[in-house]
Amino acid sequence: MTNATLLQLLRQRDNRAYRELRKYVPVFRKPLRQMGLSEEDQKDIIQESVIHLYEKLQSPTFDITSKVSTYLYGVCKLKGKEYLRRNRRTEQFSGEIDHEQANPEETQRLPDDEQIRYAVRSLGYPCRELLAAFYFHQVRLKDLCEEMGYSSENSAKQAKYKCMQRLKKGLQPLLS
Amino acid sequence: MINDHNKIEIIDLYLENALPEKLRLEVEERMKNDYYFRNEVELQRKVIAMIQEEERGEMKKELDILFESNEEESSHLEKTTSMRPLTVRYAIAATVSILLLAAGIFYFSRDTTPEVRYIAVNLVDGARGTLPGGVPEQLPLIIYPEHAEYNQHYQLGDTLSLYGDFVVEELVLGYEPNQELFILRTQGKVYLLNPNDQINSLQQ
């Protein structure tokens, strides 16, 4: 499979791309193993690296000149180092939060992550798909019309607005 | 002018750092003075981050396919790659022999699908460490027997890719510290490889 085909399939989340990348997993694992990361962490970092490339590929300005496997190998190594740094910081951190420095008025008003996660998961079709397409997969409004059957870009934009409004409204009672 | 109808979109653009200067200043001014607006921006940021996190989670499930049939192969490769440091020439030679034997067992299928194997790096004068980070004891090796664009080419970085009809059993890789080049020997020919991670044609 050529590099260009692999990139195209990856951009479309096509399983054939994943099967192609499977061949390189042992190569991606090697530096992570040398860093002393567990099998599970290696897996997590490899998955994160592929997602990172996927996200990059959604941007029309992103240009990849190296081979996909070389690029991913580099990203895996960077993410592995980042993971180790983060873990070292967590270990060094004494665990005591300086409550006095935080402004209670600003920190207590927003819902926490679990409440937001619950609200997102409760959205249902088509709102969740629409917001995910827009905010994660970076699908343009024009393409959203085709994919989700909106009659015009304006309708897709309106639908997105309503979904986000609904989500935020659902979280309003949790604002203290 | 920010109003209830355009607020969500303006906050989106603000969070993407895509607002025109004038509107960005307006948003920041309002955030400074309007506590509720500031909270709304923060809430939208958190909501978007959560949508992205949830989708990443979904995609990770899709990516489990990467590991489905690789677990066994990976542990097998780990066994073949976790070797002791090489200190003397005959140890290197022995390692090369073992690797070539292992490679024989794994015999490279010569179809168009490249596979990843490893190749030992044989030190020409036993010196190590003239490359930044040191010369690796072995490198992942990928052979592309029928690549659409390249033939008799190589790419050498963290991985050695060879484009052409190569047979792994016939490959011996060495490193020449004086020239800071790798040397590939195969079928009686000697090629000099530059570790610049670019695709180059093989030069004798």
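## Salt bridges between the chains

Between chain B and chain A there are 13 salt bridges, a salt bridge being a side-chain nitrogen of Lys or Arg within 4 Å of a carboxyl oxygen of Asp or Glu. One of them joins the side chains of A:Asp44 and B:Lys60, at 2.5 Å from N to O.

## Basis of the values

This is a predicted model, in which local features need pLDDT of at least 70 and side-chain atom pairs count only at pLDDT 80 or more, while totals for chains, interfaces and linings use all residues. Residues are numbered from 1 along each chain as its sequence is written, chains are lettered from A in the order in which they are written, and side-chain values use heavy atoms, with hydrogens and water left out.

## Extent of the interface

In the interface, 56 residues of chain B are in contact (heavy atoms within 4.5 Å) with 55 residues of chain A. The size of an interface is often given as the accessible area lost when the parts come together. Here the buried area (accessible area lost, 1.4 Å probe, summed over both parts) is about 5400 Å², and carbon and sulfur atoms give 59% of that area.

## The residue B:Glu9

B:Glu9 lies in helix 1 of chain B; helices are DSSP runs of H or I with at least four residues, numbered from the N terminus. With a relative accessibility of 32%, B:Glu9 counts as partly exposed, the class between buried (under 20%) and exposed (over 50%), computed with a 1.4 Å probe on protein chains only.

Note on methods:
Buried area = accessible area lost by both parts, 1.4 Å probe. Helix = DSSP H or I, 4+ residues; strand = E, 2+ residues; numbered from the N terminus.
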